[in-house]
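Here is a short briefing for a first look.

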Amino acid sequence: FCFALSPLSKIKCNVNIIYTLNKRTAFSGGLSKIKGVEKQVAALPERSSQGPRRPRREAGEPRTERMSVDQDWTAVYPTAKSFKQNAVPLPVRMGYPVKRGVPPEKKGNLELIKIPNFLHLTPVSIKKHCEALKPFCTEWPNALDSDAKCEEHFPMQVQSKDFVSAGPSLRNPKARIITLTVKLSSLNLDDHARKKMIKLSGERYNKESDTLTITTESCPLRQQNYDYALYLLTVLYHESWKTEEWEKEKTRADMEEYVWEDSPSQKNILETLLRMHAVEKCEEDGGVQKELLGRPEVEEYKDSVTKLKNEGENECNIQQYKDAVKKLLNI
Amino acid sequence: MAQMGKTKRFGLCSAAKQPSSTVSGSEEKIIIPKMKTWNAEAVLQALASTVNRDTTASNYVFQDDSYLTPRTSREFKLYYLSQESGRNAAKYFINTFPRYFQKDFAEPHIPCLMPETLELQIDEVSERALTECIQLRKVKAAVDMFDQLMQMGSPVSLDLTNDLLDLICLYGDQEPAQDVPPEQRTNDMGEKHDEIKIKKGRPQRASDFLKIVWGENNNAERIFNMMPEPNSCSYGALIRGMVKHGSIPKAFIMYNDMLNNQLTADVHTFNALISAAPYLKEKYSEKWDLIIDLLKQMAYQKVKPNVLTFNAVLKALQRCGALGRVQAFPVLNEMKALGIAPSLASYDHFLGIFYKAASQAQEHKEIIQEVLNEVSGKSFAAHDPDDVNFFMNTMKICLDTKDMEQAYKLHSLLDIGENWKLLGDSFHQSVYYGRFFNLLCMMEHVDVVLKWYRELSPSLFYPNSQRMRDLFQALDMDNRLDIIPQIWKDIKRMGHDNNTELVEEMLSLMARDKHKPEVQQSFAECALDVKTLYKQTDYGRVQLNWSASSLSSITLILLAAGRIQQAWEILMLFKVTNRVPSEYLLKQFLDCIQMNNNSEQAVALVQISASFCLPLTSHLIKRVQQEFELNEEQKNTLSQL
C-alpha cells in the first residue's frame, strides 16, 4: 500500500488499511493457532486440515521402568549433568507445597533441575575413579609418616586450583591464583625481625596459627604468580632483618606489645612507693629507683601488669594482679 | 555448566631451615619420587574407562526425555537427520555471512568452528585462480579457467594440470554432489545419470540415485589429449577415474598406452586396475590370469603393494568361483609374508569367498573359526571403505552356520579398542544387531535371550516385527509365555502394533494353553488392550481388521480368565464382521457357561450357533437339554432350531 496520499483518500485508505490489517492479523492469528496445535502433533510431516484432529503424541513411559535394581548407576550418570526426571528412579519431591498438599513431584519440576546434584559422585563411582587415577600418582615418601614431620621438612605450602568445565573456552581466570602459607616459627627470625615482618605483612599474618599467607593473583599466568609469591616472601624476610634509620623513632604507640619500662604504670608505682616509704629526696634518684624496682614485689607487679595488658583480662591474671598489689602495698 | 575445582598441594623445601635442629631423632633420607608426566587427555581417558554403556538410554545425541527420545527406527532416523540438517543449516549461515561470525570465543582456537570461505575470491584469470578453484572443488569453474588460460596462450604447469585431472576424474566431470541441491541439477547433468534399482530394505542414498557414468568426450580426456607430455600421474588420474565411473575397457587401453610410453604406474593405479579386472573378463581363469599379470608387473616395476592392493585381490577372488577358494589362502599368506597387516575388509572378502550362499555355510565351518581366532583381541583401524561391512557379513555367516560361540566371539571383538567405530552407520548397526538377536532367539535359552533383549533394545537397535516373532518363538520353546504382556508393551512402544500377523500370533500364543490364574488375568488385560486397537479411533493409524483367529483367541483368553460378559461382547462381533466361530470356541464357551449355570446364555449360544448354520448346533442342543434346567420357553426355542 502507498503512504503518500491526499488527505481525503488517505482517510479512506486508512480504513482500508485497518481492514486489511485486521484481516491479516486474523489470518496470521489463525495460522499461528494451527501451527501451535501442529507443534503438539506427532512428527510426521503430513498436514491434516480436514478430518479428525491428529491425537496429541503421548509421552512414552520413563526409562526408569526399564531399569533393573542392580544396574550400573555410574553408567547412567557418569558426569555432572542436570537432574533428568526420567532417568532417576527416585520418587523425590521438591518445592513449596501445593495448597494443602505435598511438594510437587519430580516430573517437570524446575526446582530439581536448577540445583546442583551429586548423582554422579556416588561412593561406588568415587571408588572407581580413585582406582583409575592411581597410576598417575607416585609413592608417598616413607620418611614422612606424621604431620609434624611434614611440617618440619616442608614448612612452606603452595596451593593452586585447576578448573574443569564445559564451555567454549578451556581457560578459567581463577586458575592463576597462588596461595603461599608458611609458619613464621620455621623461619630464622630474631625478635626485631619477627615484629617487623608481622608489621609488614599486616592482614596476611594470622596470630593464632602463626601463619603468613601470601595470595598472588596480579599476574596473568600461574607460574608468574608463583614466582612473585616467592619473591615477596624473600623480600619480606630480608627487609625484616634490616634495620632502617627511622626505626629508631619507634614510639610507644607503635609497639606491638606492652613494655613495662618507661610506662605510666611504672611511673605511678615509683611515685606511690616513694611516697609510701617517704624516702628522703636524695640526688641519686637513679639508684633509689633501681633499688625500688629491683624488689621482688615490684617484679611481680610488673609481671602481672604486663600479662594483663598483653593477654587480656581473665580470672588468673586479675587474681595475680590483686595479689601483687596487695603485697606491694602491704595490705 | 558444571564446574569442578581441584585443589593441588605440593610442598617445597624451606631454604632458611637450620640444619642443626633435632626435632626428629631419625636420620632417614626423604626420597621424593620423580613427578610423572602425561599428555593432556590422559586423566580424562582414565576416568572415561570407568564408565560403561547405559542399557536403557537411547543414543547420546538425543535429548534424554521420555517425550523426546525416538521409539521406533523411523523416528530414530528422522530425529537424527533433523539434527544433522540443523547443523548443516547453521554451517550454511556461518559460511554465507562470515562477517557476523568473526569473534573467536574458543580458547584454544578451534578452526573448524570458524567460517570457511566457499566462494572464489580471486577474479583474474591466472594459475593462482585455477589453484583456488581446484582447492574449493569447483569442477566446472576450474575447467573453464583452464580453457581460458590455454586460449590466452599461457601454458599451465604439469603439476597443476595433473591436479586438475585429479579433480575432474574424482568427481566424474560433475560438481560434487552435496553442493548442488537436487532441484538445481540441470538436464544435461541428468542425461549422464543412471538411476539404479534401489535394493529392497536398504535406506535410499544419494549415491544410489546418481551413479555417474564416464561420458564420451568428457573434459578429462580432452584435457589429457591437449597435454604435450603426460606423466604417470596424469595417466594414473585418468585410469582411476575411468575405473571409478565404470568405463573399464578404456582404463585398460589407457594402461597399455602408459606401458608403451615406458611410464610406471603408482600403487593406487594398480589397485584400481586390479579391482576392475574381474569385470573385464568372463572366465574365472582369465580373470585370475589378468590379476596375476598385473601383480607381476607391479613387482617388476618395483611398486610396493599396500593393504588396499590385497583387499582388491581378495574382492576380485570373490567373483572367481572355485578358483577363488583355492587361491584365497595363498593370497592371505603372501600378504602376511610381506608384512602388511590385514584390515577387516581383507577378512570380510576372505570370508565372502567361502561363504557365498547360505547353503555353502555347512561345508566350511572351520574357516570362520580360524578367522575369528585370528582377529580376536586385536584393535583395528579403518583402512578400507569396505571395513564397515565386516561385522554385518560375518554375523550373517554365524547366523547361517548357527554357530553361537563364534557370534559371541565376534561380539566381544567390538569391546576391544576402537573396533566399535568400524560397526558402520545406523543401517549397518541395525542389520548386525538384528542378525545377532535372531541367532540368539534360535539357539539360546530364554533367560539368556531376555537378558540380551533388555541390553540391546531399545538402546542399540529397534527390533522389527520379524525379530519380535523370533522372540515369541523363543518364549514358547522354554515355556515363558507369561512374559507376553510385558513384551506387548514394548511392541506398542516400537510401533509394531499395526502388524496384523504379529498381533494375531501373539493372541494365539496366549490363547493356546492353560496357565496360572494371575497369568490368565494379565493375559485378559492384554487382550482387552489389543481389542481397542481394532476400533477406528486414532487418526492416521493403520486399522487392523478382525479375523476369525484373532476374535476366537481373544474370546478364549477372556473365557479362561472368567470374564464371560466381555467374552460375550466379542462373540457378538463375529456376526458383525462376518466371521465364523470355530467349534472348539463354542464348546469352551458352553463349558464356561455351564460353570455359572446360566441357562439364558446357553440358549442364546445355541441360537448363535444356529444362525451360523454350524453342524455343531444339534450337538449343542442336546448338551444344553441335558445339562441345564430349562423352562418352557427355552425348550420351545430349542426344539425349533
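A salt bridge is a side-chain nitrogen of Lys or Arg within 4 Å of a carboxyl oxygen of Asp or Glu. The model is predicted. Over all chains, a search of the whole structure finds 37 salt bridges.

**A link between distant parts of chain A**
- A:Arg194 and A:Asp210 form a salt bridge, with their closest N and O atoms 3.5 Å apart.
- This pair links distant parts of the chain, 16 residues apart. A:Arg194 sits in helix H6 (residues 191-201) of chain A, and A:Asp210 in the loop between strand E3 (205-206) and strand E4 (211-216).
- A:Arg194 is partly exposed at 30% relative accessible area. A:Asp210 is buried, at 14% relative accessibility.

**Other salt bridges**
- A:Glu239 meets A:Lys242 at 3.1 Å, N to O. A:Glu239 is partly exposed at 28%, and A:Lys242 is partly exposed at 43%.
- A:Glu271 pairs with A:Arg275, the closest N and O atoms lying 3.5 Å apart.
- These two are four residues apart in helix H8 (residues 264-277) of chain A, so about one helical turn separates A:Glu271 from A:Arg275.
- A:Glu271 is partly exposed at 44%, while A:Arg275 is exposed at 63%.
- Salt bridges with shared partners join A:Arg63, B:Asp54 and B:Asp64 into one network.

**A helix pair in chain B**
- The axes of helix H11 (residues 267-276) and helix H12 (residues 284-300) of chain B come within 10 Å and cross at roughly 170 degrees. H11(B) is therefore roughly antiparallel to H12(B).
- Residues in contact include B:Phe270 and B:Leu273 in H11(B), and B:Leu294 and B:Met298 in H12(B).
- The contact residues divide into eight nonpolar, one polar and no charged.

Terms used
Residues are numbered from 1 along each chain as its sequence is written. Chains are lettered from A and ligands numbered from 1 in the order in which they are written. This is a predicted model: local features need pLDDT of at least 70, side-chain atom pairs count only at pLDDT 80 or more; totals for chains, interfaces and linings use all residues. Side-chain values use heavy atoms; hydrogens and water are left out. Axes are lines fitted to C-alpha atoms, for helices over the stretch in contact, and angles run from 0 to 180 degrees between N-to-C directions. Angles under 35 degrees count as roughly parallel, over 145 as roughly antiparallel, 65 to 115 as roughly perpendicular and the rest as oblique. Contact means heavy atoms within 4.5 Å. Ala, Val, Leu, Ile, Met, Phe, Trp, Tyr, Cys and Pro count as nonpolar, Asp, Glu, Lys and Arg as charged, and the others, Gly among them, as polar. Buried means under 20% relative accessible area, exposed over 50%, partly exposed in between (1.4 Å probe, protein chains only).
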